[in-house]
Amino acid sequence: MDVRKTYKLFAAGEFVRSESGRTYQPDGPHNVPRGSRKDLRDMVKAARGAFPGWSRRTAMNRGQVLYRAAEMLDGRRAEFRDLLGGGRPAGGQVDAAVETWVWYAGWTDKLHQFAGTVNPVAGPYFNFTLPEPTGVVGVVAPEEPALLGLVRRLAPALCGGNTVVALASERAPLAALTLGEVLATSDLPPGVVNVLSGKRQELLPWLAAHMDVNAIDAAGCTAAQLAQVQEAAAGNLKRVVQSGPGAEALSPHAALDLMEFKTVWHPIGV
Amino acid sequence: MSLTHLGSLMRGVRSVDQVGVEERAAALAKRSIKKASKLWALDLAIRCIDLTTLEGADTPGKVTALCAKGVRPQPGDASIPSVAAICVYPSLVATAVAHLRGSGVRVASVATAFPSGQSFTSIKVAETREALAAGADEIDMVIDRGAFLSGDYQRVYDEIGSVKEACGSTPLKVILETGELGTYDNVRRASILAMAAGADFIKTSTGKITPAATLPVSVVMMECIRDFSRETGKQIGFKPAGGIRTSKQAIAYLVVLYETLGPDWMTPERFRLGASSLLNDILMQIQKERSGAYQGADYFSVD
Amino acid sequence: MAIAKRPSTEMRERRFEYAAAPEATDHLKIADSYSLFIGGRFVEPHSRRRFATVNPATGQTLSEVAEADDADVDRAVTAAADAFRSWSRLSGAKRARHIFRLSRLMQERARELAVLETMDGGKPIKESRDVDVPLAAAHFFYYAGWADKLEWAFPNRRPRPLGVAGQVIPWNFPLLMLAWKIAPALAAGNTVVLKPAETTPLSALAFADICQQADLPPGVVNILTGAGSTGASLVGHPDVRKVAFTGSTEVGKEIQRATAGSGKHLTLELGGKAANIVFEDAPLDQAIEGIVNGIYFNQGHVCCAGSRLLVQESILEPLLAKLKSRLGTLRVGDPLDKNTDVGAINSRAQLEKIEGLVNSGIEEGAEIYQPACDLPERGYWFRPTIFTNVAQSYRIAREEIFGPVLSVLTFRTPDEAVEKANNTPYGLSAGVWTDKGSRILWLAERMRAGVVWANTFNRFDPTSPFGGYKESGFGREGGLHGLAAYVELD
């Protein structure tokens, strides 16, 4: 007889049941935590706490951590393939997810060179503009593909130095929750990524209205949900990224869309 | 002042941001001074001029002519005031004294191996004494920039002190020669050093080095005077010199003076302009304001 | 020979006073009334309504301008949409020629624009002359150069224009904000409908005249004067594909709500409550100038104003002494006088807002300082003001006053400075004054703000991206980053 896994939320570096004690069964016989707004609140708090440390890691170090995630995911290839239904499409999805971590691991120390500028202002000043992480990002993962959809949004958010609260695919959350186990062993500081499963319509309004979330990647939102998120996001002027059909593309702009640009002036003199 | 105290004083001098001070000076230079306030400023400028000749070719004849011009800049026009002083080399002090007696125009003498300052302290003190004995009312000394730039602040301080001692109650203007100091930080340090050592005035330049007086250097020096006054209660004078040739420039200095040190400094007691050709430009401007017509150089005497 | 020194004249007894030095206004023609600029022509508003625009320094009405209603907005957006078809297909090089020409005409008419800006808005002529107008012209010049280089600006991303941009701008820098909005939009191939602020419409109407003089194709730029409802109508128009707004955070939020789900591209440049941090080793006299420039520039009607002064406790006393004496030299009065440093408050409503917040500061227990200075009898004025003994919790330390009012707080350590500076929902700008290079970079890294001025403040340049973090809005204006807000990209 197998020893079955209890699927748990990944919050502040730990695996926990929903504080609500509720579960649902979206994906076969497994009981999946049906996260609550309080779970969401705790995760945002953890993400906020992790932000200063993570964003101030060297770009090189963040790259190493992201690469470590690729290594850990690669090592659990078979498990994920099974979780995703097995067969070639599932294998392809896992391969692409591994590739995504590797690709963004190589971007952490290039974003500044790619998108930063030195600006030739008309005066005796040195003036430069650099991208900086926006802060705590809510990632609404696409329903499909269950693993790759999340990884393609999560990796760029982390690449730029943000911390994340991710809403897993509602219909197929197991891969996302298992990804938490991968990330827990990838040298990511606790709280940098938090994975929440549950009913999207229940959680989304709380995420969109949370005053300590800086941006939302709405890749997994329906048109109606997007409108709802944008409206609620206005409470603290969250940036809402609508990735649209290109959500799965590998692009440095996926990272830069979740970054601010800071311009610094300094006089040049003796 | 003890060596350690002086060293820490110099190290503790607040820095100056070049871009900031130059922008401030440029902003003040854009003040628009018109009509009555312009005439007032031009009148004050004349009263503050140290009319200067400091050439190897200076002769008694040249100095005599300059004295005449300084006392009556515009013969036949009683409303034009005399300048504050005639500034000459020590050897010509006696000539100037003879021609200025009773006029109220003072005689200023440069001293201390002007303009380089590269001589022995004893010679500098002796030169000062000779100039005073010849009748100089004011002494314009130069600091030893070599000592200053090599970090020997004590030597500069002591030398100013020795010259001041020789001067007694005679006002001592200390020339920093800011064009050789390289940075505004050094200008600030040298200003504070000179004031602490006993200067009655601090002066920008000898006029022999380019750049001589500039507006931003003057802003820095006046800010030092203001700080020194706030801390000690002593009101030290300021004298920009060298390169000030136009009324517009002179007015810009007065604007900086007004907005940095205030009305208390708008008097020959605390402000001088070291200049030579400036005087005629001011006379032309006054005539223009009065007559409405722009003026020609041939109508003003060149002395 | 004894010659008596000339006696002093009575003039010599007087103090140095600057005589009035008013900028000439005789070259300026302000019409009695203005229409809407739609499709390259000035047309009567459908609404038939007009409202007065007032010189805030005198209270006198300068002109009557049209109030655009929904039908007018629709006409303007339709004109812009029609023009978009040809303008977006015009070669980049030709678009560049048009925009360069606008820039040149602004330079040629610079003094006229400066005087107009000062009369309509109350800002000192030296600022409109030396800052607003030259920067506005420079902004057009900078973006003109991008018009035929979009493929280089965004390699491999197929840059395409968005369509009609609806742009709503504030009253603090009317012409400059117009330039920030229109120049990148046109360079990228969009057409625009711009609504200037209710209290400062005249320079935008002068710009409309420049568009005509420049033979800009009709409908590429449309100017609709009006109030808040005109702006709301413009933002809500279904054919507007891009909304750009500069103004209050409150209205910015309304716009984000209003455009939710519409698919419209949105950039917002909103309020601020910037910390200006002075360390004990700062170049103090320049810091004083930076503080003054930071909060009294344009009467403090500046979203990025350094309205919270954070001073290291060890230098509070000398800094305040210097600052107070410097305030005494600020010349408050006739904005058209070339020597005026602080002009008129833009409107009665703004004056009342400032007075309300200042009263709250007094009630909460802060200590107020204002220099003695005579204020003109007519018009809207407020003395340069400093509040000391301000706690982080006071309204004057948290809310944007948008007036010449500085709140002074203290800190002991760099960490405390960072914490206090970032303890605000805003994040537009910050200042830091210190002689230590490593500390500047340390602090710049930690400021949650879009612009950090180190040992300077309130500097702007067309090449320099500007915009906020957090509730100060999103998107950047200026530089290459500003161009990105007006293109669709792969």
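These legends describe close-up views of a predicted model. Local features need pLDDT of at least 70, side-chain atom pairs count only at pLDDT 80 or more, and totals for chains, interfaces and linings use all residues.

**View 1. Helix α1 of chain A, residues 37-56.** Helices are DSSP runs of H or I, at least four residues, and strands are runs of E, at least two, numbered from the N terminus. The 20 residues of α1(A) should span 28 Å at 1.5 Å a residue, and the end C-alpha atoms lie 29 Å apart, which agrees. The expected span is 1.5 Å times one less than the number of residues. A kink of about 40° sits at A50(A), shortly before P52(A). The bend is the angle between axes fitted to the seven residues ending there and the seven starting there. Among the buried residues of α1(A) are M43(A), A50(A) and W54(A). Buried means under 20% relative accessible area, exposed over 50%, partly exposed in between (1.4 Å probe, protein chains only).

**View 2. Helix α12 of chain C, residues 348-364.** Its 17 residues should span 24 Å, and the end C-alpha atoms are 24 Å apart. Buried residues of α12(C) include L351(C), I354(C) and V358(C). Cover for the buried residues includes β14 (367-369) and β16 (405-411) of chain C. G365(C) follows α12(C) and has a positive phi, near 110°.

**View 3. E416(C) in helix α14 of chain C.** E416(C) is buried, at 14% relative accessible area. Beyond neighbours within four places in sequence, E416(C) contacts T410(C) and F411(C). Contact means heavy atoms within 4.5 Å.

Conventions. Residues are numbered from 1 along each chain as its sequence is written. Chains are lettered from A and ligands numbered from 1 in the order in which they are written. Side-chain values use heavy atoms; hydrogens and water are left out.
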